[in-house]
Amino acid sequence: MTNLQLLWFFLIGLLFSVFFFLEGFDYGVGMSLRLIAHNEDERGQLIQAIGPHWDGNEVWLITAGGAMFASFPFWYASLFSGFYVVLFFILFALILRGVSFEFRSHAISKGGKQLWGWALTIGSLCAPFLLGVMFTDLVKGMPLDASGNISGSVGDFINLFSIVGGVAVTLLCLLHGLNLIRLKLSGALKQRAQALAKVLYPVLFVGLVVFAGLLLWETDFFVKRPISSWTILILIVLFSVIATYGTYKDKDVLSFIFSGLTLMGVVALLFNGLFPRVMVGNNAANSILIKNATSTEYTLGVMTIVAVILVPIVLAYTIWSYVIFNRRVPAKKVVNDK
Amino acid sequence: MYVLGVSLLSLARFQFAMTTVFHFFFVPFSIGMALLTAIMETIYVVKHEEIYKKMAKFWGKIFLLSFAVGVVTGIIQEFQFGMNWSDYSRFMGDIFGAPLAIEALLAFFLESVFIGVWMFTWDRFKPAIHALFIWLVTIGSSVSALWILTANSFMQNPVAYRIANGRAEMSSFAGLLKNPQLWVEFPHVIFGAFTTAAFALAGMSAWRLLKKKNREFYHKSLRVGLWVGLVGAILTVGVGDLQTQMIVKDQPMKFAATEGIYKDTDSPAPWTVVEKIDPKTHKTTWKVEVPKMLSLLTYHRTTGSVKGMETINKELQEKYADKLGTDMNYYVPPRTLFWSFRIMAGSGAFFILVAALGLWFSRAKKNTLQNKRWLLYVLGLCLWLPFIANTCGWFITELGRFPWIVYGLFTIADAVSPNVTAGQLWMSNSLYFLIFTLLGATMIYFSHRTLVAGPDALDQSDGYGTTVDPLSKGAFSHD
Ligand code: HEM
């Protein structure tokens, strides 16, 4: 394995982590429309909290996908064709929620607003769940053939482990979203978000324990890479504990940062366990390794130069865009919400 | 494998065609609308006339609708290479991936971040700064076209690569960008995009003028649209001519099909305006011809013959004998290409004419457009024509490349994912079809309603359903 190959494996992991940090709270806010808002005005306020950003956040997923295609074509091809049905429904969910922001704002009738509000909620629920399922299956191992194609049956995709993984990711996103709401809103919505988070954090810990147990049982993570796996796992738990502490002690920023870090930790755990593979085969001989899955050194070099130049610029203006919107959304009913 | 009488390959191809054609309704429209909005806002900054600010806000709303649908259908594009064309991805990844990743890093972030900023900050920045945001969006979306077309140009005309380890490997990134195909395809698409939005906007304005609503507003909008449309169409047609010269050399079968020529022509070659083509017997009837014209169009000379599809088929069979055997059939669907070309090129000429007429009759000195209802109707119909022209263009480009997915290197049949089943494809095809119908209908419905409500219904809102700038002073409680 060359340094560039290693670097790009790390970068793909990083892109997915940033994606979950940013888009994770968008999903959470989308789900919370049906959990803490009591009327369309309140839903409007929740949406405003992520209005200017959700689209930019989603680009992290697109970049992760594009970068995977560019740096690991064999991984991209196996993963995306192998999880055809799962990814199709992820796309479907992303389509529904993506248009719902704009369509909801154009809807005049209450029914119209509700319809697109539901589309947002359902899309925001299904996307992280299915992503969780897919990533769990990915580390669990799939029936890969010698040419790198998955041909699995339903049980290979949907099973106890992957469902627990899906639920865990969904729950993490929901909590992350609630923490963003606490940060961005004031008044009743903020209080309800906090109340719900207080209930959900204990549930999350149960979920995490089950997930960790299954991870121990179903994967070779803790055998092959015990030190790093245990370290990351402990960190994940620690991050969640801090986020919970913030929830009970009214420390909004703290909760938000650490619920985001928890999500990043989960991605890190999975990528750490994958290494040095990119796809785990049920038959270990068919696993796809980093060193066999990448583009040429030349292409990786080009990509590295491009990333070194562009990523700081992207980060700079993205952060700037957050800074200029860094104020709370009005708690009062907005006048004449159309 | 066949399910319900359709082969897996056909299902995959149909799905690709459906998703890209649908996506490409919104891409050129959004690119062009960003430019038009930017132009309007810039006029406002320069002239300080409120009406131009109103225009930017109003057309910006329709732009945002289209942008939303464009974004969500765009994610499909990126995913489907891996999902449906995994062997293609393996073969092309070393070349295709880099432009795609750069497109995301350079273009998608720029447009999506600044679109969010632009939407919500009308009252927070100086007008000139605020206009800069929409220009950044315009640049972002135009640049995105450059990168994706870099990949497409490679598929039309592979350059700067070597074949090794069973795949195409990039030998020079600069070489990839210097592909001559790219430097006709990109301008053609981008000027086509400006033209598309310009005529769509002019068409929408014309319908409102027919109803005699908000005359000044729609009159001014119409004129901005027609100016951009006129320049855009002239440039699109000009570049289109260069493309023709190029495909005669690089993809002769595509060219012969767009002209419906089976047998080699005489020199000078006459140009067939219309004809009836029978792909089985290779007979062409009902010809209307213009003498010498094809030589003129193809070579810019009054002499020169053009090769027919039969000759080209033989030549290709020889050329690729070791790859695909000697009995491979290289014919591309002649009727689709012939008529697509006529519709596309015909609309190009039509746009120039209509824009010139519209600008002339609506000139400041003597504006008689309002009384020329026929012209307003014609302009109104131009709302739809560019979308058809774009689709026809892609039919030519993509169908004309058969049997190759990467010209001369890799066939479509080899590219499809081997493990995606026909049943799965039926499901995804049907569900995509359903949701596209829903999205398209909703988008048209909301645009129509925005149009009918007119600029006076514009509230202060720029975001999702608020009437106050959430971030203006005093609109929120600090705590
Ligand atoms: C006289 C006018 C025109 C000529 C001679 C012309 C010529 C061409 C040619 C030769 C191609 C195929 C290129 C290839 O396969 O590599 C093409 C493609 C295309 N055309 Fe046109 N065109 C004209 C007008 C238009 C107009 C008005 C539009 C849209 C507003 C348009 C949109 C497209 C698109 C989207 C493609 C596919 C992308 C590409 O290959 O560039 N064209 N055109």
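Predicted model: local features only at pLDDT ≥ 70, side-chain atom pairs only at ≥ 80, totals over all residues.
## Where the chains meet

Chain A puts 69 residues into the contact, and chain B puts in 65. On the chain A side, the elements that give two or more residues are helices H2 (40-50), H3 (54-71), H4 (73-82), H5 and H14 (297-324). H5(A) supplies the largest share of that side, with 16 residues. Sorted by class, the side of chain A that touches chain B holds 39 nonpolar, 23 polar and 7 charged residues.

## H5(A) alongside H16(B)

Who touches whom? From H5(A) come A:Tyr84, A:Val85, A:Phe88, A:Phe92, A:Ile95, A:Val99, A:Phe103 and A:His106, and they meet B:Gln424, B:Ser428, B:Leu431, B:Ile435, B:Leu439, B:Thr442 and B:Phe446 of H16(B). By class, that makes 11 nonpolar residues, 4 polar and no charged ones. As for the spacing along a helix, an α-helix has 3.6 residues a turn, so residues three or four places apart point the same way.

## A kinked helix in chain B

Helix H4 of chain B (residues 127-156) has 30 residues. From first C-alpha to last, H4(B) reaches 43 Å, close to the 44 Å expected at 1.5 Å a residue. There is still a kink in H4(B), about 25° and centred on B:Leu149. Because 22 of its 30 residues are buried, H4(B) is largely enclosed by the rest of the structure.

Two cis peptide bonds are worth a look. In chain A, the bond joining A:Phe275 and A:Pro276 is cis, with omega about 0°; A:Pro276 is in the loop between helix H12 (252-274) and strand S1 (277-279). In chain B, the bond from B:Ser267 to B:Pro268 is cis, with omega near -5°, and B:Pro268 sits in the loop between helix H8 (252-258) and strand S5 (271-278).

Chain B also has non-glycine residues with positive phi. B:Ala160 has phi of about 50° and lies in the loop between H4 and strand S3 (161-164) of chain B. With 17 other C-beta atoms within 10 Å, B:Ala160 is partly exposed. For B:Lys212, phi is near 60°, and its loop runs between helix H6 (182-210) and helix H7 (215-250) of chain B. B:Lys212 counts as exposed, with 9 C-beta neighbours inside 10 Å.

Conventions
Residues numbered from 1 in each chain as written. Chains lettered and ligands numbered in written order. Contact = placed C-beta atoms within 7 Å. Helix = DSSP H or I, 4+ residues; strand = E, 2+ residues; numbered from the N terminus. Nonpolar A, V, L, I, M, F, W, Y, C, P; charged D, E, K, R; others polar. Expected span 1.5 Å × (residues − 1). Bend = angle between axes of the 7 residues up to and from the residue. Buried ≥ 20, exposed ≤ 12 C-beta atoms within 10 Å, placed from the backbone.
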